[in-house]
Structures are given as C-alpha cells and as structure tokens.
Amino acid sequence: MPLYICTACGTQYPDSAKAPADCPICEEERQYVPPRGQTWTTLEALSQSHMNSFHEYDTGLIGISAGFAIGQRALLVRTEGGNILWDCVATLDAATVSMIKGLGGLKAIAISHPHFYTTMNEWAEAFDVPVHVHADDREWIMRQGPRIKLWDGETLRLTPDTTLIRGGGHFTGSSMLHWAGGASGRGIVCCSDTAYVATDCRHVTFMRSYPNYVPLPAERVKAIANALAPFAFEKMFGNFFESVIETGAKQAFSRSVERYLAAIASR
Ligand SMILES: [Zn+2]
Ligand SMILES: [Zn+2]
C-alpha cells in the first residue's frame with residue numbers, strides 16, 4: 001500500500017489504501033491547509049516530478065532541496081566525526097543517495113522540528129542510521145519507525161564537535177545544531193525555525209508560526225538566547241538556500257534578540 005506524502009508540508013504517512021483524510025501538521029495553527037485544498041503524492045511520484053538541487057556553502061557544508069512542499073532545505077554537515085544530515089526534505093532521489101554514499105554516507109540524521117520530519121524514515125533506512133528527534137515533539141511524529149531515536153533534555157553531543165541544542169519556542173522540542181568545526185573552526189549554528197534568518201541575512205526573528213505570523217512571547221525568546229549563549233559561532237544557517245548570516249552571526253543574533261524584545265515590549 002502507498003505511503004502518502006502531504007504536498008503542502010512534505011510529511012509522509014503510514015501505508016494506507018486511501019490517502020489520509022487530513023494532515024494534522026497542516027491543520028495545526030503553525031502551518032496551513034492551502035486554499036486549493038489538501039493533496040497527496042508518493043515518493044515514487046516525487047522521483048518523477050522533482051529533482052534535488054545542491055549548493056556547497058563552505059567546504060563540508062552542502063545544502064539539499066527540491067523546492068517541494070514548504071521548500072525545506074536539508075544540510076549535509078561533513079564533520080571529522082562523520083557526516084550528519086541536519087533536517088530533512090521529502091525528496092529522496094537516487095542521485096542524492098549516490099552522492100552522499102560517495103562522500104562517506106551518514107553517521108546520523110538530526111531534525112530540528114516536525115516541519116522537517118518529512119520522509120525521515122526513508123532517509124534513515126537508505127543510509128542505515130538513527131534519526132534524532134526531540135522527545136518533547138513526539139506527538140507530531142506521523143509515521144513511526146525503528147530508527148527514530150528520541151532525545152531528552154537541553155543538549156545532545158552527536159559527534160566530537162557537533163551538538164544538538166534545544167531552544168524550544170516554535171515547538172517545545174525545537175532544536176538547533178552547533179558545529180564547532182564549521183567556518184574554519186569559528187563555529188556555525190543551523191537554526192532552522194528555532195531562530196529564523198531574516199530576509200536581510202543580518203538578523204533573525206522568532207515565531208510560533210512563520211506562515212501565519214504568530215510571534216513568540218518574550219520568555220520563550222530569552223530561553224532560546226540562553227540556550228545558545230555558551231556556544232561560539234560565526235555563521236548561521238536558516239532553512240532555505242539563501243538563509244545565511246555569513247559573518248558576525250553571534251553578534252547579529254544578540255542584536256536581533258534585543259530588537260525583538262523591544263518590539264514586543266508593552267508600552
Ligand atoms: Zn501537511
Ligand atoms: Zn517550522
């Protein structure tokens with residue numbers, strides 16, 4: 001039986017004879033059902049209609065996206081301790097598997113939050129690796145799988161120089177990836193939707209819902225800032241190809257937190 005994929009958010013569902021009645025990820029207030037209504041595809045159909053594109057940012061950091069669904073972009077993070085796939089995209093095609101295997105395969109997959117769960121079980125199976133997902137968001141896992149590993153608490157060391165950091169806010173378990181060896185040892189943070197790289201690529205912002213413009217309260221933003229405080233980083237990578245703060249990202253982040261808190265302060 002087919003494993004249906006929501007075309008609006010890219011989430012894959014357990015096998016079923018008929019397409020699911022709805023997509024709880026899209027129905028929830030942080031996403032949306034498109035005005036055209038809910039439609040479905042499969043990985044097999046996607047392999048005919050979409051191809052992944054690749055963009056190498058720095059040595060050891062390659063973006064992967066087909067612009068499908070939300071337009072999610074995953075990052076292949078090539079650390080000395082092994083390759084990590086940060087976040088996920090629904091489109092897993094043969095060329096992507098061959099390329100990543102040619103670069104040494106994967107050591108692990110880690111996903112920031114439910115908007116990137118997509119076809120995570122397919123990727124985990126293709127590369128025979130665990131998928132690290134924060135336990136606080138377990139209710140949003142629409143298709144369970146034996147390779148999903150729930151992690152608890154505030155940080156999880158993945159390799160000697162990569163750490164998952166729970167920032168919360170957007171989702172309770174919303175996480176970021178810190179790679180100390182990235183940017184020639186100055187460090188990078190992949191922030192996904194926990195902090196969101198703004199269009200000017202010089203600031204970030206914080207939202208409960210980005211498409212529906214629902215902001216976060218001050219205490220949640222302060223918690224994200226506290227979670228990142230111990231980590232040094234020069235660059236920040238959001239969740240689209242162009243969402244990158246190239247230099248001075250730690251200062252840009254602090255500036256953005258102050259700006260956000262001032263903007264929502266009661267007068
Ligand atoms: Zn959906
Ligand atoms: Zn999101």
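Predicted model: local features only at pLDDT ≥ 70, side-chain atom pairs only at ≥ 80, totals over all residues.
Residues are numbered from 1 along each chain as its sequence is written, and chains are lettered from A and ligands numbered from 1 in the order in which they are written. Local features here need pLDDT of at least 70, side-chain atom pairs count only at pLDDT 80 or more, and totals for chains, interfaces and linings use all residues, while side-chain values use heavy atoms, with hydrogens and water left out.

**Stop 1: the largest core**

Select I109, M120 and W123. In the largest nonpolar core, of 36 residues, these three touch the most other members. A nonpolar core is a set of buried Ala, Val, Leu, Ile, Met, Phe, Trp, Tyr and Cys residues joined through side-chain atoms within 4.5 Å. Buried means under 20% relative accessible area, exposed over 50%, and partly exposed in between (1.4 Å probe, protein chains only).

Now colour the elements that each supply at least two core residues: strand 1 (3-6), helix 1 (24-27), strand 5 (61-65), strand 6 (74-79), helix 3 (94-102), helix 4 (120-127) and strand 9 (131-134). Helix 4 gives the largest share, four residues. Helices (H or I, at least four residues) and strands (E, at least two) are DSSP runs, numbered from the N terminus.

Centre on I109. Which residues is I109 in contact with, leaving aside its neighbours within four places in sequence? They are L85, W123, A124, V129, P130, V131 and H132. Contact means heavy atoms within 4.5 Å.

**Stop 2: helix 3**

Select T96, V97 and I100, the buried residues of helix 3. They sit on the same side of helix 3 because they cover an arc of only 100 degrees around the axis. The arc is that of the directions from the helix axis to the C-beta atoms. An α-helix has 3.6 residues a turn, so residues three or four places apart point the same way.

Which elements do the buried residues of helix 3 pack against? They pack against strand 4 (53-58), strand 5, strand 6 and helix 4. Now turn to the face of helix 3 that points away from its buried side. The exposed residues A94, S98 and G102 are there. Just after helix 3, find G104, with a positive phi of about 105 degrees.

**Stop 3: helix 5**

Move to helix 5 (residues 218-228). V221, I224, A225, A227 and L228 are buried in helix 5. Their arc around the axis is only 160 degrees, which puts them on the same side of helix 5. They pack against strand 12 (162-166), strand 13 (175-179), strand 14 (188-190), strand 19 (235-237) and helix 6 (249-264). The face turned away from the buried side of helix 5 carries exposed E219 and N226.

**Stop 4: two pockets**

Stay with helix 5. With three residues, helix 5 gives the most to the lining of the largest pocket. Select G168, G169, F171, T172 and R220, which lie nearest the centre among its 13 lining residues. The volume of the largest pocket is about 190 Å³. Its lining divides into five nonpolar, four polar and four charged residues.

On a 1 Å grid over the protein atoms alone, a pocket is an open set of points with protein on both sides within 12 Å along at least five of seven lines, a cavity is a set where a 1.4 Å probe fits but cannot get out, and lining residues have an atom within 4 Å of a point. Grid points are joined across faces, edges and corners, and a volume is the space filled by probe spheres set on the points. Ala, Val, Leu, Ile, Met, Phe, Trp, Tyr, Cys and Pro count as nonpolar, Asp, Glu, Lys and Arg as charged, and the others, Gly among them, as polar.

The second largest pocket holds about 160 Å³ of space. Select Q31, I70, D193, Y210 and P211, the closest to its centre of the 13 residues that line the second largest pocket.

**Stop 5: two cavities**

How many cavities of 30 Å³ or more does the structure hold? There are two. For the largest cavity, about 50 Å³, select the lining: T11, Q12, Y117, T118, T119, M120, N121, I141, M142 and R143. The second largest cavity, about 40 Å³, is lined by L43, L46, S47, H50, T91, L92 and D93.

**Last stop: S209**

Select S209, in strand 17 (residues 207-209). S209 counts as buried because its relative accessibility is 0%. Leaving aside neighbours within four places in sequence, S209 is in contact with E29, R30, H170 and V214.
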